[in-house]
Amino acid sequence: MRLDALLAKAAGRLTHAGSPSPRLDAEVLLCHVLEVDRTWLYTWGDKPASPFQRARFEALVAVRVMGRPVAYLTGVREFWGLPLCTSPHTLIPRPDTETLVEVLLELAPGSPGRLLDLGTGTGAIALAFASERTGWDVLGVDRVPEAVALAEANARRLGIANVRFLLSDWFSALEGQRYTLLAANPPYIDEQDPHLAQGDVRFEPKSALVAAEAGLADLRHIAKAGIQRLEPGGWLVLEHGHEQGAAVRELLAACGYGEVSSRQDLGGRERVTVGRR
């Protein structure tokens, strides 16, 4: 069977299964099997697939039909132009979080400083920032050992030398340290949110998604503890749910932060809130 016909058949199956991006999913999976990029696929779609390639591709599609995220099937997700290895121990990096990186770069002073990325997961935020600000000292922490190991492996593979990763439950292993910028994309979904039973999040670690107090518990903890971890004039930058902007602004103001404001993501929704010590 030709590659383009194989793609069309797979996209049809994924459409029927309710995938939000059936054609893209099929293309990414086939590129993974063939070890090519999508440009190659568009150019050579009339080539035949070997029996082995077809069998492997159809097996991956079958698992995707059951809902397993493409990033877990391929083991890779691109973020900020960086191909990051992924794992079921961490959240899959999402385009919305690139808004947080953009805000960090905007707030970073001209002279080198120190960035702390709390709950680093794959290391996406820390690695993206470090790749752009090579003079900065960047630290990512996570309480999950597998996440720390994965982030370290991503840094080594990408050759990003100004970042390191450490096992820490938020600030627990960082006594006495202060930072120019604090960043976090913490759990912020209400445990009753129906979206937890839909899409890719069904397969992602709930501990990285769900927080108590209607999703605000971890945001509140980071805000309260973080103000003492910032250098004077330093910024806290938090990602949150698109309906939580007002609550997070109020929370930061109550903790004593100044210049509190929210920024919108690519979809025009409030996604990141900042405050300054």
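## An aromatic pair

A search across the whole structure, which is a predicted model, turns up 1 aromatic pair, where rings of Phe, Tyr and Trp (its six-membered ring) pair if their centres lie within 6.5 Å. The ring centres of phenylalanine 129 and tryptophan 136 are 5.2 Å apart and the ring planes stand at 80 degrees, so this pair is edge-to-face (planes over 60 degrees apart count as edge-to-face, under 30 as stacked and the rest as tilted).

Phenylalanine 129 has 0% relative accessibility and therefore counts as buried, and tryptophan 136, at 4%, counts as buried too (buried means under 20% relative accessible area, exposed over 50% and partly exposed in between, with a 1.4 Å probe and protein chains only).

## Helices α1 and α4

Helix α1 (residues 3-16) packs with helix α4 (residues 51-65) at an angle of about 15 degrees, their axes being 10 Å apart; helices (H or I, at least four residues) and strands (E, at least two) are DSSP runs numbered from the N terminus, and axes are lines fitted to C-alpha atoms, for helices over the stretch in contact, with angles running from 0 to 180 degrees between N-to-C directions. The two helices are therefore roughly parallel (under 35 degrees; over 145 is roughly antiparallel, 65 to 115 roughly perpendicular and the rest oblique).

On the α1 side the contact involves Leu6, Leu7, Lys9, Ala10, Arg13 and Leu14, and on the α4 side Arg54, Phe57, Glu58, Val61, Ala62, Arg64 and Val65, contact meaning heavy atoms within 4.5 Å. These residues divide into 8 nonpolar, no polar and 5 charged (Ala, Val, Leu, Ile, Met, Phe, Trp, Tyr, Cys and Pro count as nonpolar, Asp, Glu, Lys and Arg as charged, and the others, Gly among them, as polar).

## Helices α9 and α10

The axes of helix α9 (residues 217-226) and helix α10 (residues 245-254) come within 9 Å and cross at roughly 25 degrees, which makes α9 roughly parallel to α10. Leu219, Arg220 and Ala223 of α9 meet Val248, Leu251 and Leu252 of α10, and the residues of this contact comprise 5 nonpolar, no polar and 1 charged.

## Positive phi in two loops

Most residues other than glycine have a negative phi. Tryptophan 80, in the loop between β1 (76-79) and β2 (82-85), has a positive phi of about 55 degrees, while alanine 214, in the loop between β8 (210-211) and α9, has a positive phi near 60 degrees.

## Basis of the values

Residues are numbered from 1 along each chain as its sequence is written, and side-chain values use heavy atoms, with hydrogens and water left out. In this predicted model local features need pLDDT of at least 70 and side-chain atom pairs count only at pLDDT 80 or more, whereas totals for chains, interfaces and linings use all residues.
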